[in-house]
Amino acid sequence: MSDTVARPSTSLARVERVVDGDTVVLAGGSRVRLVQIDTPEPGTAECYSRAAGRDLRRMLPAGAVVTLEADPALDQVDRYGRLLRYVHRAGRNLNLALVRDGSATVWFYDGERGRYSGALLAAGRAARSARRGLWGACPNAIWDPSRAATTGPGSGRTARATT
């Protein structure tokens, strides 16, 4: 009988490009979806969709070396074949940083909570309260960690919460 806790696996990778606010392509072609967060999709009329991509590009320029962290409590690959990972650069958890900055919302797909769920929720609440990022720009932004990001069309100065 072992008292050890499953440790997350990590690997180093180089960023080729940022696709949008929550997806990157690595050198070699693998795609990574930043797990436990979501951003509005580009190409839609959703508020903050382009800004979220710009925010991640600022944090992850092409060529940046990152550490990818798998969460043993969560799926490892999504239905599109993307790796589901926490992405760290220079010791900074970028999933958490994006939520803290208001560039992303918390999303617990199928209600599954990973190792940083508490920190993500706290960061999301603080960003919403301070009206940072999408919370200040999108009047129709909805706080619901059980759903994908919902910011609605247009932009403005306030955001509302449903919970």
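This report walks through a predicted model of a single chain, from its overall layout to some of its side-chain pairings.

## The overall layout

Let's begin with the chain as a whole. It contains four helices and eight strands, and reading along the sequence gives the order β-β-β-β-α-β-β-β-α-β-α-α. The chain has 163 residues, and 46% of them count as buried. Take the contacts between residues at least 6 apart in sequence: 58% of these join residues at least 24 apart.

## Strands side by side

On one hand, E5 pairs with strand E1 (residues 10-20) in the antiparallel sense, over five bridges. Within this pairing, Val66 of E5 stands opposite Ala13. On the other hand, E5 is joined to strand E6 (residues 83-89) by three bridges, and these two strands also run antiparallel. Here Thr67 has His88 in E6 as its bridge partner. As a general point, side chains in a regular strand alternate between the two faces of the sheet.

## Helix H1 and its neighbours

Helix H1 covers residues 49-59. Its buried residues are Ser49, Ala51, Ala52, Gly53, Asp55, Leu56 and Met59. What do the buried residues of H1 pack against? They pack against the strands E1, E2, E3 and E6, together with strand E7 (92-93) and helix H2 (94-100).

## One disulfide

A search of the whole structure turns up one disulfide. It is formed by Cys47 and Cys138, with their sulfur atoms 2.1 Å apart. This pair links distant parts of the chain, 91 residues apart: Cys47 sits in the loop between strand E4 (37-38) and helix H1, while Cys138 belongs to the segment after helix H4 (134-137). The torsion about the S-S bond is about -85°, so the disulfide is left-handed. Are these two cysteines buried or exposed? Both Cys47 and Cys138 are buried.

## Charged pairs

Five salt bridges are counted in the model. In general terms, side chains of opposite charge can pair when their charged atoms come close.

| Salt bridge | N to O distance |
|---|---|
| Arg33 and Asp22 | 3.6 Å |
| Asp38 and Arg33 | 2.9 Å |
| Arg82 and Asp78 | 2.6 Å |

Arg33 is in strand E3, and Asp22 is in the loop between E1 and strand E2 (23-26), so far as DSSP runs define these elements. The pair lies 11 residues apart and links distant parts of the chain. Arg33 has a relative accessible area of 7% and is therefore buried, and Asp22 is buried too. Asp38, at 4% relative accessibility, also counts as buried. Through shared partners, salt bridges join Asp22, Arg33 and Asp38 into one network. As for the remaining pair in the table, both Arg82 and Asp78 are buried.

## A buried glutamine

Gln36 is found in the loop between strand E3 (31-34) and E4. Why does Gln36 count as buried? Its relative accessibility is 5%, and buried means under 20%. A polar atom of the Gln36 side chain lies 2.7 Å from the backbone nitrogen of Gly114. Leaving aside neighbours within four places in sequence, Gln36 is in contact with a number of residues, among them Leu74, Tyr86, Trp107, Phe108, Gly114 and Leu120.

## Aromatic pairs

Two of those contacts, Tyr86 and Trp107, bring us to the aromatic rings. How many aromatic pairs does a search of the whole structure find? It finds three. One of them brings together Tyr86 and Tyr116: the ring centres are 4.7 Å apart and the planes stand at 85°, so this pair is edge-to-face. Tyr86 lies in strand E6 and Tyr116 in the loop between strand E8 (105-106) and helix H3 (117-130), so the pair ties together parts that are 30 residues apart in sequence. Tyr86 counts as buried because its relative accessibility is 0%.

Trp107 and Tyr109 make another pair, with ring centres 5.4 Å apart and planes at 85°, so it is edge-to-face. Tyr109, at 43% relative accessibility, counts as partly exposed.

Methods. Residues numbered from 1 in each chain as written. Predicted model: local features only at pLDDT ≥ 70, side-chain atom pairs only at ≥ 80, totals over all residues. Heavy atoms only, no water. Disulfide = S-S within 2.5 Å. Buried < 20%, exposed > 50% of the residue type's maximum accessible area, 1.4 Å probe, protein only. Pairing = 2+ DSSP bridges. Polar contact = N/O pair within 3.5 Å; in protein donor to acceptor, adjacent residues only side chain to side chain. Contact = heavy atoms within 4.5 Å. Salt bridge = Lys/Arg side-chain N within 4 Å of Asp/Glu carboxyl O. Phe/Tyr/Trp six-rings, centres within 6.5 Å; stacked < 30°, edge-to-face > 60°.
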